[in-house]
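Q: Hi! Could you walk me through this one while I have it open?
A: Happy to. Here it comes.

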Amino acid sequence: MSWEIVVGLETHAQLSTASKIFSAASTAFGAAPNTQASAVDIALPGVLPVLNEGAVERAIRFGLAVGATISRRSVFARKNYFYPDLPKGYQISQYEIPVVQGGSLTIRVGDTEKTVRLTRAHLEEDAGKSLHEDFHGMTGIDLNRAGTPLLEIVSEPDMRGSEEAVAYARKLHTLVQWIGICDGNMQEGSFRCDANVSVRRVGDTKLGTRCEIKNLNSFRFMQQAIEFEARRQIEAIEDGRSIVQETRLYDPDRNETRPMRSKEDAQDYRYFPDPDLPPLSISDAWVERVRGALPELPEAMHARFQKPCAADSRQYGLSAYEAAALTASREHAAYFEDTVAALGAGVKYAKMAASWIIGEVSAALNRSDLHIADAPVSPATLATLLKRIDDGTLSGKMAKDVFDTLWQPPSADGRRTKPSTSSTAGGEVALSGQIGSFTTSMTVDQIIEAKGLRQISDTSAIEAVVDQVIAANPAIVAEFKSGKEKAFNSLVGQAMKATRGKANPGQVNTILREKLAKS
Amino acid sequence: MLDSTIAELSAALTARSLSSVELTSAVLDRIDAENPRLNAFLTVEREAALEQAKAADARRAAGENGPLLGIPVAHKDILMTAGVRTTCGSRMLANFVAPYDAHVVARMAAAGMVMVGKTNMDEFAMGSSNETSHFGPVMNPWDVERVPGGSSGGSAAAVAARMVPAATGTDTGGSIRQPAAFSGICGLKPTYGVCSRYGLVAFASSLDQAGPFARTAEDCALLLSAMAGHDARDSTSLDRAAEDYSGDLERPLKGLRIGVPHEYVSQGIDDEVTRRIYEALEALLRLGATRVDISLPNVKLSVPVYYVIAPAEASSNLSRFDGVRYGHRAESYTDLNDMYQKSRAEGFGGEVKRRILTGTYVLSHGYYDAYYLKAQQVRRLIAEDFKRAYEQCDLIMGPTAPTTAFRIGENVNDPVKMYLNDIFTIAANLTGGPAMSIPCGFDADGMPVGLQIQGNYFQEARILNVAHCYQQVTDWHRRSPQGLAS
């Protein structure tokens with residue numbers, strides 16, 4: 001009997017406004033406790049909320065990006081409950097009429113493409129933080145986070161299994177950063193997901209009883225938690241027990257979910273429209289202004305990158321895989337397009353740039369724990385390097401050597417360091433990492449000169465080497481002649497070794513074959 | 001001097017026959033003399049007041065001449081006053097010092113008014129008699145055995161007892177107009193949104209509105225001109241051009257159509273109150289007004305609607321008083337819930353608890369539609385009644401309250417009877433329209449009767465105009481209680 005895992009996600013994206021959703025206090029992360037809590041945030045008697053238009057604008061941006069309906073009139077409601085880090089004793093949220101209704105996201109798992117429907121997205125304020133450690137039996141309250149604007153994005157239970165759930169979460173994570181509404185920082189809690197998980201037998205149309213899993217603060221934990229939870233539910237049902245609707249907490253240390261509270265404990269939040277805030281009204285003109293300012297969206301760009309290459313079209317004929325990798329963020333896409341713009345039109349160059357960015361650049365970024373926006377090798381520099389491959393100056397292997405030199409390793413004090421100017425060959429190389437007006441081609445070429453890396457493409461020089469190799473290895477030549485193709489590679493290797501790798505491998509191949517045929 | 005109106009005092013200050021320091025000193029002395037008997041003030045700021053008076057005199061000397069410059073005022077203790085204790089009449093905030101000024105407080109200070117102190121009130125403005133105050137009842141200056149009305153009872157008694165020429169109140173369900181009526185003075189609730197609620201400790205956010213108390217309509221106009229104005233910190237504050245409420249006071253009443261709802265003059269109303277109202281109407285008809293009989297069929301539902309909506313909002317608004325950040329916290333407790341329960345059980349009085357419980361109930365899952373939603377629907381029906389009525393008439397008049405001031409303790413054990421006292425005033429809070437109470441005579445016991453004048457949205461100037469014209473041909477507002485300290 002096989003099972004189907006059904007997942008829906010609720011995501012809280014912290015909106016990137018400078019001030020809070022209902023007060024003028026700063027939303028910057030990491031300030032000393034309670035230094036960014038205004039009279040409104042600490043809920044002094046007599047204070048009132050005033051809605052931050054920037055938060056609404058970001059909600060509209062999101063709604064348009066997922067093809068949702070923007071409610072022309074939505075209502076803020078109070079969600080009433082007592083907790084020490086909830087200063088008013090209620091959270092201002094949207095309940096019956098959210099600002100964003102419907103919409104969808106396209107996800108890909110392997111070669112399968114799937115549309116995940118969104119239920120809604122609504123604006124609300126975050127609570128403060130309760131600090132239970134360091135206070136010797138007491139609890140500290142930090143209200144800096146209280147009133148931080150959140151967009152709660154609720155999906156339909158359209159995902160089947162942890163892979164789809166993670167694909168959705170990643171897609172959403174990319175999108176909110178892409179459209180500039182959220183910094184996506186999961187460590188700081190700017191992007192938080194809860195998963196509603198249920199299981200049912202394949203073929204069943206009715207949804208099983210769900211459990212909500214909290215504390216999924218990385219994609220890896222999300223995947224593990226969903227898998228654990230689904231296993232737990234399946235085992236329970238197979239043992240003849242039933243699933244109790246409840247909220248469960250994921251413990252990454254033990255890789256398990258534990259009950260937090262059951263539905264019976266669920267509080268009655270006594271939602272009612274907040275009388276301090278008139279209904280939020282959004283004009284068509286406002287929606288159109290926001291639409292006009294939206295960047296090209298990842299899905300559109302993904303499709304465009306795959307379209308057949310044509311002059312000046314910014315279409316590149318890439319594979320779906322390449323297009324997906326290069327639209328992982330707006331910065332990735334810009335890096336790619338800037339590289340191609342500097343390199344030249346044509347599917348050959350697009351493929352070359354794509355392959356280098358997905359391969360070498362990504363690997364180097366991972367090694368040095370940098371974001372692509374901070375890559376020490378600029379798109380223009382990369383383009384110059386790729387030109388040297390294209391014109392035969394460098395072999396692929398040599399180019400990687402030059403690339404590694406161009407890549408300024410981060411200094412001892414960590415990432416995002418300004419390149420130093422003290423290293424030898426790197427003296428000028430370092431500067432190439434800074435986006436600016438440098439003629440970076442000089443730098444690439446200087447490295448090639450300095451390292452003596454220029455490829456040997458002179459036919460007579462290569463012929464001489466090949467002659468030497470044939471003369472010195474009669475046994476291997478004989479093997480080749482008896483039909484062992486492997487022996488040929490051995491001879492190429494000898495020729496490359498003799499030139500310390502600088503001979504143009506293509507030319508070595510051709511000349512060697514010619515000479516062997518004649519000999 | 002203390003019998004003078006703001007307009008008269010202002011003229012004396014302008015003529016330099018009186019200084020604000022002299023006036024403020026006299027006011028403070030009167031407060032000291034009367035307060036032990038009336039309990040109208042919870043806090044008196046003598047030194048700060050004299051400093052402000054000195055500053056006002058200096059502004060006069062420098063050539064400034066505002067009508068409120070140097071005039072003493074008392075604020076209801078629900079309005080935040082920077083550096084001054086603001087209790088809301090509750091043990092919960094018995095020691096709470098406000099860190100900022102309410103918008104209306106700041107505006108009156110900017111106009112040069114001298115804040116002499118904070119007045120007693122029903123706890124968190126929940127009450128119609130000032131008997132729910134943690135700091136004891138306020139006595140009615142006309143008869144200290146009786147209540148001054150509520151919830152702004154301290155402010156009304158203070159103005160009636162000539163302790164201060166002007167005071168602020170707040171009106172959620174008649175809390176300015178009913179005490180004005182019981183205390184024989186004028187009190188105006190403006191259109192919802194005319195005065196900012198920023199710094200007014202919320203009772204029921206969709207109903208709360210601050211307004212002035214004074215002895216004449218002319219004075220109320222001066223005070224309202226200072227209090228009103230847009231405030232970006234209150235999303236329900238209306239952004240409209242500043243209005244001079246004093247500009248149209250003398251407009252003749254010829255052509256004025258006064259609507260008299262039969263619901264306001266039928267059963268359940270004290271005979272003497274009804275007679276005084278008819279006499280007042282006759283006086284206005286003699287000034288050229290005409291009477292239109294109208295009907296407000298849904299107004300009878302005002303009290304039940306109010307006692308769903310106001311407690312619902314209050315139950316949420318008062319959640320912030322949890323003992324965590326400020327206000328009363330129980331001395332000992334075992335855990336978080338115990339701290340909440342004890343702090344709130346000790347900090348709130350019986351009437352506040354009753355309303356929190358009622359409000360929590362009507363918002364609860366399964367009851368919301370039957371109570372809260374239904375009440376909001378009826379609220380709209382009541383507003384439609386008034387909309388229709390204002391097609392037939394310019395203003396609506398009737399008694400402010402069905403009786404004159406009752407005796408202290410008389411209604412405390414019968415909340416429904418107490419609530420019915422607000423039957424005529426509550427509709428203006430539900431619709432948001434402006435309404436005023438002015439003195440129109442006395443009953444056989446010598447207790448004042450109030451005439452309520454209601455108008456359509458933003459008709460404050462018209463209401464004040466009619467009240468002023470009435471006060472030119474009557475002298476009820478000139479009467480003062482017997483036995484005041486000299």
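A: One definition before we start: helices and strands here are DSSP runs, numbered from the N terminus, with at least four residues (H or I) for a helix and at least two (E) for a strand. Also, this is a predicted model.

Q: Good to know. Where does B:Ala125 lie, then?
A: B:Ala125 sits in the loop between strand 3 and helix 5 of chain B. Its phi is near 70 degrees, a positive value in a residue other than glycine.

Q: And is B:Ala125 buried or exposed?
A: Buried: B:Ala125 has 30 C-beta neighbours inside 10 Å, and the cut-off for buried is 20 or more.

Q: Which residues does the cis peptide bond join?
A: B:Gly150 and B:Ser151, with omega at about 10 degrees. B:Ser151 is in the loop between strand 3 (114-119) and helix 5 (153-160) of chain B.

Q: What about chain A, what is phi of A:Asp369?
A: Near 55 degrees, which is positive in a residue other than glycine. A:Asp369 belongs to the loop between helix 8 (347-368) and helix 9 (379-390) of chain A.

Q: Is A:Asp369 buried or exposed?
A: A:Asp369 counts as exposed, because it has 11 C-beta neighbours inside 10 Å and the limit for exposed is 12 or fewer.

Q: Switching to domains: how is chain B divided?
A: Into domain 1 (6-256) and domain 2 (300-377). The centres of those two domains of chain B, taken over C-alpha atoms, are separated by 27 Å. Their contact takes 20 residues from domain 1 and 18 residues from domain 2.

Q: What kinds of residues are on the domain 1 side?
A: The side of domain 1 of chain B that touches domain 2 has 10 nonpolar, eight polar and two charged residues.

Q: And between the chains, how many residues does the contact take from each?
A: 26 residues from chain A and 31 residues from chain B. On the chain A side, 18 are nonpolar, three polar and five charged.

Q: Let's do some helix packing. At what angle do helix 14 and helix 15 of chain A pack?
A: About 145 degrees, with their axes 8 Å apart; helix 14 covers residues 474-481 and helix 15 covers residues 486-498. Helix 14 of chain A passes helix 15 of chain A in a left-handed crossing.

Q: Which residues make that contact?
A: From helix 14 of chain A, A:Ile476, A:Glu479 and A:Phe480; from helix 15 of chain A, A:Ala487, A:Phe488, A:Ser490 and A:Leu491. Those divide into five nonpolar, one polar and one charged.

Q: Why is helix 2 of chain A largely enclosed by the rest of the structure?
A: Because 13 of the 17 residues of helix 2 of chain A are buried. Helix 2 (residues 162-178) reaches 24 Å from its first C-alpha to its last, close to the 24 Å expected at 1.5 Å a residue. Just after helix 2 of chain A, A:Gly180 takes a positive phi of about 70 degrees.

Q: Back to chain B: how many residues of helix 7 are buried?
A: 11 of its 11 residues, so helix 7 of chain B is mostly covered. The covering elements of chain B include helix 1 (6-14), helix 4 (103-110), strand 5 (186-189), strand 6 (210-214), strand 10 (435-442) and helix 15 (460-473).

Q: I have B:Ser225 selected. What does B:Ser225 touch?
A: Not counting residues up to four places away in sequence, B:Ser225 touches B:Asp244, B:Tyr245 and B:Ser246. B:Ser225 is in helix 7 (residues 217-227) of chain B and counts as buried, with 23 C-beta neighbours inside 10 Å. Just after helix 7 of chain B, B:Gly229 has a positive phi of about 150 degrees.

Q: Last one: where does B:Phe321 lie?
A: In the loop between helix 9 (302-317) and helix 10 (336-347) of chain B. B:Phe321 is buried, with 27 other C-beta atoms within 10 Å. Leaving aside neighbours within four places in sequence, B:Phe321 is in contact with B:Met92, B:Gly327, B:Arg344 and B:Gly347.

Note on methods. Residues numbered from 1 in each chain as written. Chains lettered and ligands numbered in written order. Predicted model: local features only at pLDDT ≥ 70, side-chain atom pairs only at ≥ 80, totals over all residues. Domains from an automatic or database assignment. Contact = placed C-beta atoms within 7 Å. Nonpolar A, V, L, I, M, F, W, Y, C, P; charged D, E, K, R; others polar. Axes fitted to C-alpha atoms, helices over the stretch in contact; angles between N-to-C directions. Left-handed = near helix turned anticlockwise from the far one by under 90°. Expected span 1.5 Å × (residues − 1).
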